[in-house]
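My plan is to look things up one at a time and write down what I find.

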Amino acid sequence: MKLLIGIPSYNKPEELKEAILCLKKQTFTEFKVIISDDSDEASSQKIQTFIIELNDDRFSYLKNEKRRGLFGNMKYLWSLAYENSYDCFMWLCDDDVILDNEFIFNGIEFLSRNNNCAVVGYPCD
């Protein structure tokens, strides 16, 4: 299964780092992450440096030339998944979401057993 995880980001570099490290700990590892960033230059530089130091080809960073906003960012990430023929798209609705290490595995398993289902969510506090 070809899975793309899209993360819209805006001025929360430390929280985004935690979310990325959480994704690195997932038991299901065959995914690609694209961070679409609306942040200011200082935050963007921190994120870019972190992604480079991460040295993991699954994670890529796109700095938006013009701010897209949350929904514009979501639409942009969705279009990237569609244009690149991903089987499944997962959108982290914020750049500070921390998931259980089994979340992606369990979500993929659930979707494969339930053909009439298209969405799997996670609990929000």
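**Entry 1: Ser60**

The model is a predicted one, which I note here at the start. Ser60 sits in strand β3. I then asked which residues Ser60 touches, not counting those up to four places away in sequence. My list reads Lys32, Val33, Ile34 and Ile35. I also checked Ser60 against Ser36, 24 residues apart along the chain. Their C-alpha atoms are separated by 8.9 Å.

**Entry 2: Asn64**

Next I went to Asn64, in the loop between β3 (59-63) and α3. Is Asn64 buried or exposed? I wrote down buried, because Asn64 has 5% relative accessibility. Ser36 came up again here: its C-alpha atom and that of Asn64 are separated by 6.7 Å. Along the chain these two are 28 residues apart. I set aside the neighbours within four places in sequence and listed the contacts of Asn64. They are Ser36, Asp37, Asp38, Asn73 and Tyr76.

**Entry 3: Two positive phi values**

I turned to backbone angles. Most residues other than glycine have a negative phi. Asn11 has a positive value, near 55°. I found Asn11 in the loop between β1 (3-9) and α1 (13-24). I noted Asn11 as partly exposed, because its relative accessibility is 28%. For Asn55 I also wrote down a positive phi near 55°. The place of Asn55 is the loop between α2 (41-54) and β3. Asn55 counts as exposed, because its relative accessibility is 67% and the cut-off for exposed is over 50%.

**Entry 4: The whole chain**

I stepped back to the protein chain. How many helices and strands are there? I counted 4 helices and 4 strands. Read from the N terminus, the elements run β-α-β-α-β-α-β-α. I looked up the spans of the C-alpha trace along its principal axes and wrote about 45 × 30 × 25 Å. The radius of gyration is 14 Å. That agrees with a compact globule, because one of 125 residues would have a value near 14 Å.

I then checked burial for the chain: 42% of the 125 residues count as buried. The accessible surface comes to about 7600 Å². Carbon and sulfur atoms hold 51% of that surface. For contacts, I took those between residues at least 6 apart in sequence. Of these, 76% join residues at least 24 apart.

**Entry 5: The largest pocket**

I found 20 residues lining the largest pocket. Which of them are the closest to its centre? I noted Phe89, Met90, Ala118, Val119 and Val120. The elements that give two or more residues to the lining are α3 (69-83), β4 (88-91) and α4 (103-113). The largest share comes from α4, with 5 residues. I sorted the lining by class and wrote 17 nonpolar, 1 polar and 2 charged residues.

Conventions
Residues are numbered from 1 along each chain as its sequence is written. This is a predicted model: local features need pLDDT of at least 70, side-chain atom pairs count only at pLDDT 80 or more; totals for chains, interfaces and linings use all residues. Side-chain values use heavy atoms; hydrogens and water are left out. On a 1 Å grid over the protein atoms alone, a cavity is a set of points where a 1.4 Å probe fits but cannot get out, and a pocket is an open set with protein on both sides within 12 Å along at least five of seven lines; lining residues have an atom within 4 Å of a point. Ala, Val, Leu, Ile, Met, Phe, Trp, Tyr, Cys and Pro count as nonpolar, Asp, Glu, Lys and Arg as charged, and the others, Gly among them, as polar. The radius of gyration is taken over C-alpha atoms; the globule rule is 2.2 Å times the number of residues to the power 0.38. Buried means under 20% relative accessible area, exposed over 50%, partly exposed in between (1.4 Å probe, protein chains only). Contact means heavy atoms within 4.5 Å. Accessible areas come from the Shrake-Rupley method with a 1.4 Å probe; for residues, only the protein chains shown count as cover.
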